[in-house]
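Colleague: Please take a close look at the side-chain pairs in this model. I would like one connected account, with the cut-offs stated.

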Amino acid sequence: MPLLTQPQGDDEQYVLVASLDNVRNLSNILKAIAFKDHAIFTATPNGLKVTVEDSKCLQANAFIQAEIFQEFTIKEDQIGLQINLTVLMDCLSIFGGTAVPGGASTALRLCYKGYGYPLTLFLEEGSVVTVCKINTQEPEEPIDFEFCSSNVTNKVILLSESLKEAFSELDMTSEVLEITMSPSQPYFRLSTFGNAGSADYDYPKDSDMMELFHCTTTQSNRCPAVVLRHLY
């Protein structure tokens with residue numbers, strides 16, 4: 001009998017149960033944000049949110065809606081935990097990371113008893129079932145990037161592929177990247193300060209990479225250049 005259709009007599013002890021008939025999609029989503037070892041998992045009746053942060057200045061979030069799961073049962077308004085994301089991804093690929101057309105898929109049943117307990121994964125492919133238990137930690141408070149729209153003075157939306165190309169041209173010997181936005185020239189500027197000296201990369205507001213350009217005042221901010229490596 002397939003894992004996901006088996007009677008689960010001990011579900012009452014779990015505060016969170018989530019099932020997928022194919023774990024590959026979840027694994028691909030987690031790979032996209034796995035630039036640090038640990039991740040914060042937040043479960044609500046709406047679904048599962050996974051947050052990864054670096055240096056308190058870069059944050060990536062993946063949200064898997066409850067409807068994506070074949071089963072999603074939560075007994076609390078919100079459940080938070082932190083786990084080693086690398087270990088989780090290793091567990092999800094325990095039957096192999098690639099799927100062949102027409103081949104068997106790996107089913108997942110994820111269970112959590114609550115604070116202090118490990119996250120338990122039941123993985124099945126064919127007639128083989130593997131159980132993995134991952135230690136959980138107290139989740140850290142994630143950075144709040146919810147900016148009040150009334151206080152936003154400058155807003156620029158760029159095409160991700162174009163920005164990726166721009167980042168790849170930067171001098172990565174620089175410890176910081178300075179981003180300048182201005183209502184007049186240079187409009188949008190990326191500046192580095194590396195071993196060969198400082199360099200400026202200017203982009204006009206009517207550039208093909210600009211989806212939206214709204215600036216009311218000149219503003220410059222710096223961030224660690226190392227975080228850019230996760231973006232390209």
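**Side-chain pairs and their surroundings**

Modeller: Cysteine 215 counts as buried, at 14% relative accessibility. Buried means under 20% relative accessible area, exposed over 50%, and partly exposed in between, using a 1.4 Å probe and protein chains only. The model is predicted, so local features need pLDDT of at least 70 and side-chain atom pairs count only at pLDDT 80 or more, while totals for chains, interfaces and linings use all residues. Residues are numbered from 1 along each chain as its sequence is written, and side-chain values use heavy atoms, leaving out hydrogens and water.

Stay with the cysteines for a moment. Cysteine 132 is buried too, with a relative accessible area of 9%. The closest cysteine sulfur to that of cysteine 132 belongs to cysteine 91, 3.8 Å away, which is too far for a bond. The structure holds zero disulfides (cysteine sulfur atoms paired within 2.5 Å).

Now the setting. The protein has three helices and 15 strands. Both are DSSP runs numbered from the N terminus: helices are H or I with at least four residues, strands E with at least two. Of the 232 residues, 39% are buried. The accessible surface is about 13400 Å², and carbon and sulfur atoms hold 48% of that (Shrake-Rupley method, 1.4 Å probe; for residues, only the protein chains shown count as cover). Take the contacts with a separation of 6 or more: 63% of them join residues 24 or more positions apart. Contact means heavy atoms within 4.5 Å.

Next, the core. The largest nonpolar core has 58 residues. Such a core is a set of buried Ala, Val, Leu, Ile, Met, Phe, Trp, Tyr and Cys residues joined through side-chain atoms within 4.5 Å. Those touching the most other members are Leu16, Phe41, Leu88, Leu92, Leu121, Phe188 and Leu190. Helix α2 (residues 85-92) gives the largest share of this core, five residues. Leucine 190 shows how such a residue is surrounded. Leaving aside residues up to four places away in sequence, leucine 190 touches Ala166, Phe167, Leu170, Leu177, Glu178, Ile179, Ala199, Asp200, Tyr201 and Tyr203. Several names in that list return below.

The aromatic pairs come next. There are three in the structure. Rings of Phe, Tyr and Trp (its six-membered ring) pair if their centres lie within 6.5 Å; planes under 30 degrees apart are stacked, over 60 edge-to-face, and the rest tilted. Tyrosine 187 and phenylalanine 213 make an edge-to-face pair, 6.0 Å centre to centre with 80° between the planes. Tyrosine 187 sits in the loop between β11 and β12 and phenylalanine 213 in strand β14 (residues 210-215), so the pair ties together parts 26 residues apart in sequence. Both tyrosine 187 and phenylalanine 213 are buried. Phenylalanine 188 and tyrosine 203 form a tilted pair: 6.3 Å between centres, 55° between planes. This pair links distant parts of the chain, with phenylalanine 188 in strand β12 and tyrosine 203 in strand β13, 15 residues apart. Phenylalanine 188 and tyrosine 203 are also buried.

The structure holds five salt bridges. The criterion is a side-chain nitrogen of Lys or Arg within 4 Å of a carboxyl oxygen of Asp or Glu. Aspartate 202 pairs with arginine 189, with the closest N and O atoms 2.6 Å apart. Aspartate 202 is partly exposed at 39%, and arginine 189 is partly exposed at 24%. The two belong to a network of salt bridges that links Arg189, Asp200 and Asp202.

Glutamate 178 bridges to arginine 222, the closest N and O atoms being 3.0 Å apart. Glutamate 178 is in strand β11 (residues 176-181) and arginine 222 in strand β15 (residues 219-224), so parts 44 residues apart in sequence are tied together. Glutamate 178 is buried at 17%, whereas arginine 222 is exposed at 55%.

One more bridge. Lysine 36 and aspartate 54 meet through their side chains at 3.7 Å, N to O. Lysine 36 is in the loop between α1 (24-33) and β2 (38-44), aspartate 54 is in strand β3 (residues 47-54), and 18 residues separate them. Lysine 36 is partly exposed at 35%; aspartate 54 is buried at 8%.
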